[in-house]
Amino acid sequence: MNASSDFSVAIAGAGLSGLCLAQYLMRAGIDVHVYERDSGPFVRRQGYRIILNRYGLEALRESLPRPLYRLALTTGDEPGGHLRFTDSRLRDAFTVNLKDEPHATRQVDRLTLRSILQSGLDGRIHYGRAAVAVDSGGPAGLRLRFADGGAAPATVVVGADGVGSALRRQIMPDAEPANTPMVGIYGRSPLWRNGASVIPEALRTSGVLAIADRPGRAFFFTSMRFGESPQQAFARLAPGSYAPTGDDYVMWALLLRQEEVPIDVRGSLRALWKQAAVMSTDFHPLIRRLVDTAELDATVLNVFATGQRPHRWAVPRATMMGDAVHVMPPFGAHGGNTALRDAALLGHKLVAARENGTPVEEAIAGYQDEMVPYAFRAVDTAARLMRRLTGGAAAPHWVLTRVLPRLHRVTVPEA
Ligand SMILES: Cc1cc2nc3c(=O)[nH]c(=O)nc-3n(C[C@H](O)[C@H](O)[C@H](O)COP(=O)(O)OP(=O)(O)OC[C@H]3O[C@@H](n4cnc5c(N)ncnc54)[C@H](O)[C@@H]3O)c2cc1C
């Protein structure tokens with residue numbers, strides 16, 4: 001690759017992977033711009049927390065300036081904890097322990113992470129610019145085209161525009177995601193009520209998946225406690241960047257079959273929340289209270305899909321990252337981590353190519369050859385976990401909901 005300063009990268013999508021790649025390239029002195037469909041940085045509630053595993057943390061460590069990486073760790077929840085699989089009355093079936101080393105798996109608030117990833121990218125993120133296509137031509141070799149009729153020239157174009165990607169059909173023509181039978185209604189409720197935590201001490205550091213007696217239904221919840229308040233930590237480590245409020249919360253998701261959320265329910269937050277309330281009546285009272293106390297405007301419907309392996313990359317010097325390539329059901333917390341891993345890998349390949357004089361096409365092919373195997377291993381794992389935990393197969397469901405819980409004590413007595 002030519003080391004000249006006219007080498008430039010245009011990224012479609014200012015989500016986790018797009019912003020992470022922009023950080024990586026900017027630190028290496030590469031001219032990078034991010035084009036985002038939303039009209040501003042915080043127009044949508046980015047609600048929720050995200051579990052970062054070693055791949056996500058390593059990608060952030062490689063991509064971010066040191067103070068921003070520290071900011072992600074210090075505002076995150078404490079490392080480690082447990083993932084509990086229970087029956088609908090919160091009786092344990094089995095538990096997975098997460099390591100609690102300083103750099104091990106931890107939860108971070110997604111809005112806070114997005115704010116961290118945006119820090120220092122002033123003038124490089126362009127809002128209200130929905131990418132629609134990429135074509136060859138122009139001074140840099142490629143042009144990213146927008147819905148408003150404009151275009152941006154770039155040597156390399158990266159589609160990081162998420163599950164509904166507008167660029168996918170053109171760049172990976174044989175890889176439209178496939179639907180799954182499942183959806184999730186996601187919600188968020190305050191963690192503190194009258195000075196006390198709504199989550200009992202026994203579950204303080206646990207994510208819990210409660211599997212219903214009826215196959216195809218489950219409820220997930222976990223609390224997000226900010227390590228250090230974002231306001232304080234941003235003032236110290238990224239002064240001037242937007243700091244989210246940092247109120248601790250419980251994130252929850254009711255997992256259902258698609259047909260249980262009719263189309264007319266999908267367009268209204270209130271209708272979605274009501275559906276969640278009706279469908280969770282058979283669960284433990286703690287779960288019902290979480291739904292009852294939800295913040296209505298944080299309700300989200302997520303239709304689970306699985307990405308398909310791309311066999312052909314159709315536009316030279318254009319590639320894709322994250323959910324746009326390998327969307328997966330949210331089992332195992334791999335989606336965001338894999339998206340961040342892609343960003344650091346692609347950043348590394350592009351920077352190395354510039355230093356070694358390798359052709360950019362070769363750098364991109366190297367990224368794609370490494371990314372597809374690890375990303376689709378994660379897709380397969382997530383899809384398998386979804387089938388095992390919420391599928392209709394009678395024997396595993398019976399073991400999870402009838403046999404294993406009888407062997408354990410009651411974790412949260414029903415008041
Ligand atoms: C409730 C919930 C909880 C989750 N928890 C976890 C977890 O614990 N761990 C984990 O690893 N993953 C988790 N995930 C998955 C994770 O959030 C995604 O895998 C991750 O955000 C994908 O990153 P991305 O960069 O590919 O896309 P996104 O972060 O979705 O970003 C895509 C961006 O592109 C923009 N865009 C869309 N179309 C266009 C266009 N045409 N032009 C320009 N911009 C466009 C969008 O507005 C968006 O900003 C969770 C997901 C949800 C919904």
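Which side chain does the side chain of Thr222 join in a polar contact? Keep that in mind for the second view.

**About the model.** This is a predicted model, where local features need pLDDT of at least 70, side-chain atom pairs count only at pLDDT 80 or more, and totals for chains, interfaces and linings use all residues. Residues are numbered from 1 along each chain as its sequence is written, and side-chain values use heavy atoms, with hydrogens and water left out.

**View 1. Helix 1 sits largely enclosed by the rest of the structure.** Helices here are DSSP runs of H or I with at least four residues, strands are runs of E with at least two, and both are numbered from the N terminus. Helix 1 takes in residues 16–27 and reaches 17 Å from its first C-alpha to its last, close to the expected 16 Å (that is 1.5 Å times one less than its number of residues). Look around and you'll find 10 of its 12 residues buried, meaning under 20% relative accessible area, with exposed being over 50% and partly exposed in between (1.4 Å probe, protein chains only). Among the buried ones are Leu16, Cys20, Tyr24 and Leu25. Just past the helix, Gly29 has a positive phi of about 80°.

**View 2. Thr222 lies in strand 16.** The strand covers residues 218–224, and Thr222 is buried at 4% relative accessible area. Here's the opening question settled: the side chain of Thr222 meets that of Gln107 in a polar contact of 3.0 Å. Such a contact is a pair of N or O atoms within 3.5 Å; within protein, one must be able to donate a hydrogen and the other to accept it, and residues adjacent in sequence count only if both atoms are side-chain atoms. Not counting residues up to four places away in sequence, Thr222 also touches others, including Arg49, Ser206 and Tyr249, where contact means heavy atoms within 4.5 Å.

**View 3. Strand 3 pairs with strand 6.** The two run antiparallel, joined by 4 bridges (strands pair if DSSP finds at least two bridges between them). Ile50 stands opposite Val108 of strand 6. In a regular strand the side chains alternate between the two faces of the sheet. In strand 3, Arg49 and Ile51 point one way and Ile50 and Leu52 the other, and all are buried.

**View 4. Thr299 is in the loop between helix 9 and strand 18.** Its relative accessibility is 5%, so Thr299 counts as buried. The side chain of Thr299 reaches the backbone oxygen of Leu296 at 2.7 Å. Leaving aside neighbours within four places in sequence, its contacts include Tyr48, Ile185 and Trp273.
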